[in-house]
Amino acid sequence: MSKISPGHPRAESLRIRGRLVDGFKAGLVVSEGLAAHGRGEAFDYIMGEKTAGQAKKAVEAAAAMLLSAKRPVISINGNVAALVPNEVVKLADATGAELEVNLFHGSAEREAKIARYLRKHGAKEVLGADKKFSTKIEEIHSDRRKVDRRGIAAADVVLVPLEDGDRTEALKKMGKKVIAIDMNPMSRTARAANITIVDNIVRALPHFVRMVRKLSRSRRVRLHKIVNNFDNTKNLNAMVELISKRLENISR
Ligand code: PTJ
């Protein structure tokens with residue numbers, strides 16, 4: 001990665017891009033992942049590259065949902081592995097969730113690379129890369145239909161960061177709860193999920209880990225109350241309003 005001067009006004013954004021480019025060169029990220037990041041960072045730019053209050057609320061509800069789950073799973077794609085490898089491992093440790101590699105652009109070689117990369121960052125076990133345990137979710141019409149019998153197939157709660165598509169609806173039809181992380185509050189995934197965290201994953205994940213640790217000793221009734229009090233549609237609409245207000249202010 002080329003050296004970025006700390007004084008550069010876009011230093012943090014360039015550093016994040018650098019992580020993705022390094023991930024691309026290492027074979028973790030697909031070229032489409034670079035384009036997907038561009039869409040995400042455009043939304044982040046419009047929102048002022050700050051975590052909104054609505055995202056904090058969603059993180060609290062998501063932490064409560066993961067902590068009260070029986071079989072939580074964190075789904076990992078190339079972008080997620082490249083951007084937040086330490087944080088997803090910490091989140092899995094703090095919640096007892098499984099980590100499962102699940103790719104839109106399926107490739108056995110990339111699955112193995114991502115699993116290895118996560119283990120290098122402290123993951124004890126990474127599902128999704130062993131053919132022996134592979135099964136299919138017929139309702140999903142992309143490579144993401146291939147899941148691990150011990151992971152997403154059996155999960156009651158699935159965290160799906162950085163994706164848009166039909167998977168969330170299919171998982172919900174199967175009776176699973178879905179938590180999404182997506183900068184775009186209008187995406188199909190954002191709209192279909194039970195809880196959507198509209199924030200850049202590089203800020204959302206450290207906050208998520210802290211929130212899980214804070215709530216980890218809470219009673220089940222308290223966790224359920226936090227989840228039940230959360231209204232995803234209301235939260236997403238507030239995010240769209242925030243975008244609209246920011247654009248209005250800029251245009252004045
Ligand atoms: O590694 P693979 O094969 O599973 O492919 C991964 C990508 C990301 C290419 C794949 O999942 C994909 O095509 O995703 P989409 O449909 O482009 O959706 C990505 C969503 O993530 C978009 O809604 C973006 O706004 C959002 N996004 C991108 N980067 C970030 C983000 N949201 C939060 N933080 C980001 N850093």
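Which residues in α1 meet which residues in α2? In this predicted model, S13, I16, R17, L20, V21 and F24 of α1 are in contact with S31, G33, L34, H37 and E41 of α2. Helix α1 covers residues 11-25 and its axis comes within 9 Å of that of α2, the two crossing at roughly 165°. Angles over 145 degrees count as roughly antiparallel, and α1 and α2 are therefore roughly antiparallel to each other. Their crossing is right-handed. Sorted by class, the residues of this contact comprise five nonpolar, four polar and two charged.

Helix α1 itself may be considered next. Its 15 residues should span 21 Å at 1.5 Å a residue, and this agrees with the 21 Å that separates its end C-alpha atoms. Within α1, the residues A11, S13, I16, G18, L20 and G23 are buried. The cover over the buried residues of α1 includes α2, α4 (78-83) and α9. After α1 comes G27, with a positive phi near 85°.

The axes of α2 (residues 31-46) and α11 (residues 232-251) come within 9 Å and cross at roughly 65°. F43, Y45 and I46 of α2 form the contact with I243, R246 and L247 of α11. By class, five of these residues are nonpolar, none is polar and one is charged.

Helix α3 is the next element to examine. Its 16 residues should span 22 Å at 1.5 Å a residue, and the end C-alpha atoms are 23 Å apart, which agrees. The buried residues of α3 are A55, A58, V59, A61, A62, A63, A64, M65, L66, L67 and S68.

How do α3 and α9 pack, and at what angle? Helix α3 (residues 53-68) and helix α9 (residues 201-215) have axes 9 Å apart and pack at an angle of about 55°. That angle makes α3 oblique to α9. The crossing of α3 past α9 is right-handed. From α3, the residues K56, V59, E60, A62, A63, A64, L66 and L67 take part, and they meet H207, F208, M211, V212 and L215 of α9. Ten residues of this contact are nonpolar, one is polar and two are charged. Several of the α3 residues that meet α9 are also buried, among them V59, A62, A63, A64, L66 and L67.

S68 belongs to helix α3 as well. With a relative accessible area of 14%, S68 is buried. Leaving aside neighbours within four places in sequence, S68 is in contact with R220, L223 and H224.

Two positions elsewhere in the chain complete the account. L162 is placed in the loop between β6 (157-161) and α7 (167-173). The phi of L162 is near 55°, a positive value in a residue other than glycine. With a relative accessible area of 25%, L162 is partly exposed.

Is R116 buried or exposed? R116 is found in helix α6 (residues 108-120), and its relative accessible area of 51% makes it exposed, the cut-off for that class being over 50%. The C-alpha atom of R116 is separated by 20 Å from that of D143, a residue 27 places away along the chain.

Note on methods. Residues are numbered from 1 along each chain as its sequence is written. This is a predicted model: local features need pLDDT of at least 70, side-chain atom pairs count only at pLDDT 80 or more; totals for chains, interfaces and linings use all residues. Side-chain values use heavy atoms; hydrogens and water are left out. Axes are lines fitted to C-alpha atoms, for helices over the stretch in contact, and angles run from 0 to 180 degrees between N-to-C directions. Helices (H or I, at least four residues) and strands (E, at least two) are DSSP runs, numbered from the N terminus. Angles under 35 degrees count as roughly parallel, over 145 as roughly antiparallel, 65 to 115 as roughly perpendicular and the rest as oblique. A crossing is left-handed if the near helix is turned anticlockwise from the far one by less than a right angle, and right-handed if clockwise. Contact means heavy atoms within 4.5 Å. Ala, Val, Leu, Ile, Met, Phe, Trp, Tyr, Cys and Pro count as nonpolar, Asp, Glu, Lys and Arg as charged, and the others, Gly among them, as polar. The expected span of a helix is 1.5 Å times one less than its number of residues. Buried means under 20% relative accessible area, exposed over 50%, partly exposed in between (1.4 Å probe, protein chains only).
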